[in-house]
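Please examine the structure shown below.

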Amino acid sequence: MNLDAKIPSGPMAQKWDKHQFDLKLVNPANKRKYEVIVVGSGLAGASAAATLAELGYNVKCFCFQDSPRRAHSIAAQGGINAAKNYQNDGDSVHRLFYDTVKGGDYRSREANVHRLAQVSVNIIDQCAAQGVPFAREYGGLLANRSFGGAQVSRTFYARGQTGQQLLLGAYSSLSRQIGLGKVQMFPRTEMLDVVLVDGHAKGIVVRDMVSGEISRHSAHAVVLATGGYGNAFFLSTNAMGSNVTASFRAYKRGAAFANPCYTQIHPTCIPVSGEHQSKLTLMSESLRNDGRVWVPKSQAVAEKIRKGELKASDVAEGDRDYYLERKYPSFGNLVPRDVASRNAKEACDEGRGVVGSGLGVYLDFEDAIKRLGEGAVRERYGNLFDMYEKITGSNAYQNPMTIFPAVHYTMGGLWVDYNLMSNVPGLYVVGEANFSDHGANRLGASALMQGLADGYFVLPYTIGQYLAEVGPDDRTDTNSAEFVGTEETVRAQIDKLLSIKGKRTPTSFHRELGQIMWDKCGMARSKAGLEAAIKKIPELRAEFWDNLNVPGENGSLNQSLEQAGRVADFLEFGELMCRDALQREESCGGHFREEHQTPEGEAKRDDENFSFVGAWEYKGENQTPELHKENLVYEEVKMTQRSYK
Amino acid sequence: MDLKLKVWRQDNADDVGRFEEYQAHDISPDMSFLEMLDVVNEGLIGSGKEPIAFDSDCREGICGSCSMVINGTAHGGQKGTTACQLHMRHFSDGMTITIEPWRATAFPVHRDLVVDRTAFDRIQQKGGFISVRTGSVPDANAIPVPKDESDLAMDAAQCIGCGACVAACKNASAMLFVAAKISHLSLVPQGQPERERRALAMVKQMDDEGFGNCTVTGSCEAVCPKEISLDFIARMNREYGRALIKKGTI
Ligand SMILES: Cc1cc2nc3c(=O)[nH]c(=O)nc-3n(C[C@H](O)[C@H](O)[C@H](O)COP(=O)(O)OP(=O)(O)OC[C@H]3O[C@@H](n4cnc5c(N)ncnc54)[C@H](O)[C@@H]3O)c2cc1C
Ligand code: SF4
Ligand code: FES
C-alpha cells in the first residue's frame with residue numbers, strides 16, 4: 001500500500017503557495033468536459049460542490065437528508081476559528097498552526113495543519129461576503145470569543161448557531177449553482193458503494209430512499225464528504241443519520257482507514273436520562289468561557305445531592321471543588337476537551353457525581369451572571385439555555401447545568417495525502433470524513449474551519465492536478481462490467497438484510513454495539529477490555545446476520561432498511577476501531593490507554609514508537625486487516641508533553 | 001404513562017391514507033416526543049408490522065427535518081419548540097394523541113409523516129443567495145455591519161426551513177419562510193446589489209410552487225419553532241413593492 005503523503009518540499013510557511021503553483025491546471029474551456037461526484041452536502045461537501053461548479057466543472061451532489069441544508073454541520077453551535085488577529089491579542093497563522101498541532105497531541109501532519117491555519121483567514125472573508133450574520137461589535141466589526149485549548153480570542157460565531165449559519169451560507173452558494181444548472185442535486189439518496197475501474201474511483205452506486213431504485217453514476221473523480229462515525233457508539237451528539245457507510249464501503253474497496261480509534265469525547269453534554277435515550281445533546285464548549293465546572297469536595301455531600309436531599313446552592317463555596325481551575329491554573333475551565341472529559345469521569349468515579357446515575361458534574365453560571373448580568377449571559381448563550389431547559393426541564397439561570405462527557409467527533413477517517421486524495425486514485429475525502437488535520441484530539445471550533453478549508457480552498461485546487469492528468473475522456477460507461485458488478489453487490493446486501501426475518505430490530509443491535517464500544521473503547525481503554533470487545537463484536541455481528549428483522553421491502557421508503565445497512569457497517573467498523581486502539585500502546589489526545597499514564601493520571605505518549613498514522617487495509621470478510629504506518633516528522637513544532645497547567 | 005396514538009399511515013404519494021391506532025406503554029416524562037415514537041416503532045417491528053415513517057436527524061431543533069402535526073398543531077404547540085425537542089413531560093397519562101403529516105399541496109406525502117419539501121429548496125435556488133464566487137471577496141472587516149442590523153438579520157436567518165408555517169396556514173402559504181430569507185439578505189450590506197432581483201425571483205417561484213396567499217392570520221408565527229416574527233412578512237412585502245417600483249412595473 002502506497003502511503004506517500006506528497007508533502008511539498010521547502011519551508012513550512014511556503015509549502016502551500018509553492019504547491020499551488022506546481023499543481024497542474026485544467027484549461028478553463030475544458031472544465032465543462034469534466035464531471036465530479038460529491039457525496040455529502042455538509043460544510044465540506046456543499047462548499048466543495050459549489051466551488052467546483054463555479055470553476056466550471058459539472059457536479060453531482062448527493063445527501064441522505066431531504067435537503068442539503070439539513071446536513072449534520074447544521075448542528076454546530078460554538079464557532080469557527082481563524083487566525084485573523086482582529087483582537088490584536090497576539091494571534092497569527094503560526095500560533096493557530098502551533099495550537100492545533102499541540103492540541104492534536106502531536107499526531108497530525110504538520111504541513112496539512114499549516115495550510116489549514118493559512119486559509120482560515122480566507123474562510124471568514126468568504127462567509128462574511130455570503131451574508132453570514134456573524135456576531136458584531138457596536139462599531140460593526142466582527143466579534144470573537146475564546147475556545148478551549150487556546151489563549152487568544154480567535155473564534156467567530158453567530159449566536160449559538162454558527163454551524164447553521166455557515167452551512168446556510170454554503171448551501172446558498174450551492175443553491176445558486178443548482179439554479180444555474182452546474183450542480184445536479186440528489187437529496188434523499190444514499191451512496192452504497194464506490195465503483196473502481198482499473199484501480200481508480202470512477203463512480204458510485206446509490207439508492208433512492210423514496211422509491212428504492214438503485215442507480216449508477218459515473219464521473220472523472222469522486223469526493224466523499226460524508227462526515228464522521230461517532231454513531232458507532234450509538235449514543236453520541238451526532239445526528240441520527242450520521243454513519244460510516246460511505247467511508248467504510250470505500251475502505252472495503254481498498255481505501256486505507258486512518259486512526260479509527262481517535263474519537264473525541266466532548267466534556268459538556270447533557271447526561272443520559274434513561275434507557276429510551278436516542279442521542280445525546282451537546283452544550284457548546286463556548287459555555288466553558290463563562291461557566292465554572294465543579295463537584296462537591298466530599299462524596300457525602302455529592303450523595304445527598306444525588307438523592308435530592310441537597311441542592312447545588314446549598315453547597316458552601318468552601319465545600320466546592322472547581323477541579324479544573326485547581327489542577328490547571330493557567331487554562332482553568334478552558335483546558336482541551338480530552339482533559340476536561342477525563343477529569344469529569346475521574347470526579348464521578350470518585351463518587352462525587354451530582355445526578356441520579358452518578359454520571360454528571362456541574363457547569364455553573366452564577367459568577368458570570370453576577371459579573372455580567374443575566375442579559376449579557378442571555379445574549380451570549382440564550383438559545384443554549386433554552387435548549388437545556390427544554391430537554392431537562394431545569395432553568396440554568398437559576399440552577400447550575402449538569403453535564404457529562406459524550407462521544408462527539410471522530411478525528412480518524414479515510415487516509416488522504418496532502419492533496420486530500422485517498423490511496424485510491426480519483427477518490428478524494430474532505431471534512432470530518434478524512435483523518436488529516438486534528439491528530440489525536442481536535443480543538444473546539446476547528447472542525448468547521450477544516451470542513452470549509454477543504455471544500456472552498458484546498459480540494460478545488462488539488463483535484464485539478466488529477467483531472468488534468470487523466471484527461472476529459474477518462475470516463476467509464478455505467479454499463480461497464482465494473483458498474484454492473486458493483487450494483488449487484490449492493491443489491492445482494494439489501495436482499496440479504498430483508499430476507500433474514502429474525503427477531504431483533506436494527507436499533508437493538510446498534511444499541512448493544514454502542515454499549516460495548518462505550519465500555520471498552522470509550523474514555524478509557526485497556527488491553528483486556530479491547531480484546532474482550534474484539535471477541536464480542538464478531539459474535540454480535542453473526543447474530544445480526546442471523547436474527548435481524550427488517551420489515552417491508554426495498555421498493556418503498558423503508559427507514560428500517562436504511563438503518564440496517566448502516567448498522568451492518570458499524571458492526572464491522574467497531575471492531576476495526578478496537579483493533580486500532582489495541583495496537584496503539586500509548587495514550588494520546590482522545591485515546592487514553594489505562595496502561596499508559598503519568599503518575600498524575602495524564603496521558604503518556606510514546607513518541608519513539610507511535611508517532612505514526614495507523615492506516616488499515618481491508619483484507620476480506622472476517623480477515624484481520626493489515627496495519628500500515630505513515631511516519632510523522634515534525635520540522636517546525638517541538639514535541640513536548642502537553643501541559644495546560 | 002400510557003397513551004393512545006392515532007397516527008396517519010399512508011404507503012406512498014398515491015395511497016389515500018388512513019388513521020391507525022396504537023398504544024404507547026410505559027412512556028417516561030423525560031423522553032422526547034420522537035423517542036416515544038421510537039418506542040412505539042420498536043414494538044411495531046417486533047409484531048411484524050412496518051414502523052411509522054417520520055423524518056428526524058439532529059433531534060436538537062436545528063436541522064428542520066422533523067415535521068408532524070400533533071393534536072392539530074404543527075410541532076405540538078410548545079412555544080418555540082420543534083417536535084424533536086418536545087418532551088413527554090407536557091403530556092399526561094391516558095391521553096389520546098393525534099399525529100399527522102404537514103398537509104399542503106406543495107408538500108406531497110412520501111409516506112406516513114414524511115413529506116416532500118423540495119419546493120423550499122427550489123425557492124432558494126431562484127435567489128436565496130448573494131452571488132459571490134469563492135475567493136473573490138474583500139477582507140471580512142472591510143464590510144462593517146451595524147450590530148442592530150446584523151442582529152435583526154440573524155433573527156430572520158435562524159429559520160430552519162421546517163415548513164411548519166405552511167402546515168399551520170389555512171392557505172398553505174410559505175410567506176414566513178420566504179420572508180425570513182429575503183429579510184436576512186436585504187438587511188445586510190452584502191445583499192444590496194441583488195436586492196430587487198432576489199425579491200422578485202423568490203416570490204415568483206413561491207407562487208409557481210403552489211403555495212397559497214397570505215391573509216395575515218399569524219398562525220405561522222404561532223407555530224414557528226424559531227419564533228420568526230410576522231414583521232418580516234411586512235418587510236418582505238415592502239421589499240417586493242420596492243422591487244416592482246424600481247423595475248417600473250408599477
Ligand atoms: C452538536 C455538535 C456541535 C458542534 N459544534 C462545533 C463547533 O462549534 N465548531 C466546530 O468547529 N465544530 C463543531 N462540531 C463538529 C462539526 O460540526 C462537524 O465536524 C462538521 O460539521 C462536519 O462537517 P462535514 O461536512 O464533514 O460532514 P456533515 O456535516 O456530517 O455532512 C455529511 C454529509 O454527508 C452526507 N452523507 C453521509 N453519508 C452518506 C451516504 N452514504 N450517501 C449520501 N450522502 C451521505 C449527509 O447527507 C451529509 O450531507 C460540532 C458537532 C456536533 C455534533
Ligand atoms: S419560518 Fe419558522 S416555521 Fe417556517 S420554515 Fe422557517 S422555522 Fe419553520
Ligand atoms: S430533528 Fe432536527 S429539528 Fe427536529
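Lys501(A) lies in the loop between helix H14 (481-499) and helix H15 (506-521) of chain A; helices (H or I, at least four residues) and strands (E, at least two) are DSSP runs, numbered from the N terminus. The model is predicted, so local features need pLDDT of at least 70 and side-chain atom pairs count only at pLDDT 80 or more, while totals for chains, interfaces and linings use all residues. Residues are numbered from 1 along each chain as its sequence is written, chains are lettered from A and ligands numbered from 1 in the order in which they are written, and side-chain values use heavy atoms, with hydrogens and water left out.

Although Lys501(A) is not a glycine, its phi is positive, at about 50 degrees. Most residues other than glycine have a negative phi. Lys501(A) is partly exposed, with a relative accessible area of 45%; buried means under 20% relative accessible area, exposed over 50%, and partly exposed in between (1.4 Å probe, protein chains only). Asp112(B) also has a positive phi, near 45 degrees. This residue is found in the loop between strand E6 (109-111) and strand E7 (114-115) of chain B. Asp112(B) is buried, with a relative accessible area of 0%.

In chain B, strand E5 (residues 96-100) is mostly covered, with four of its five residues buried. Two strands pair if DSSP finds at least two bridges between them. Strand E1 (residues 3-9) of chain B runs parallel to E5(B) and is joined to it by four bridges; here Leu5(B) has Ile97(B) as its bridge partner. Strand E3 (residues 69-70) of chain B pairs with E5(B) in the antiparallel sense over two bridges, and Ile70(B) stands opposite Ile99(B).

Which residues are closest to ligand 2? They are Cys159(B), Cys162(B), Gly163(B), Cys165(B) and Cys224(B), within a shell of 13 residues; a residue is near a molecule if one of its heavy atoms lies within 4 Å of it. Helix H4 (164-168) and helix H5 (175-187) of chain B each give two or more residues to this shell.

Chain A as a whole has 18 helices and 19 strands. Of its 645 residues, 67% count as buried. Among contacts (heavy atoms within 4.5 Å) in chain A between residues at least 6 apart in sequence, 75% join residues at least 24 apart. The C-alpha atoms of chain A fill a box of roughly 75 × 60 × 50 Å, taken along the principal axes.
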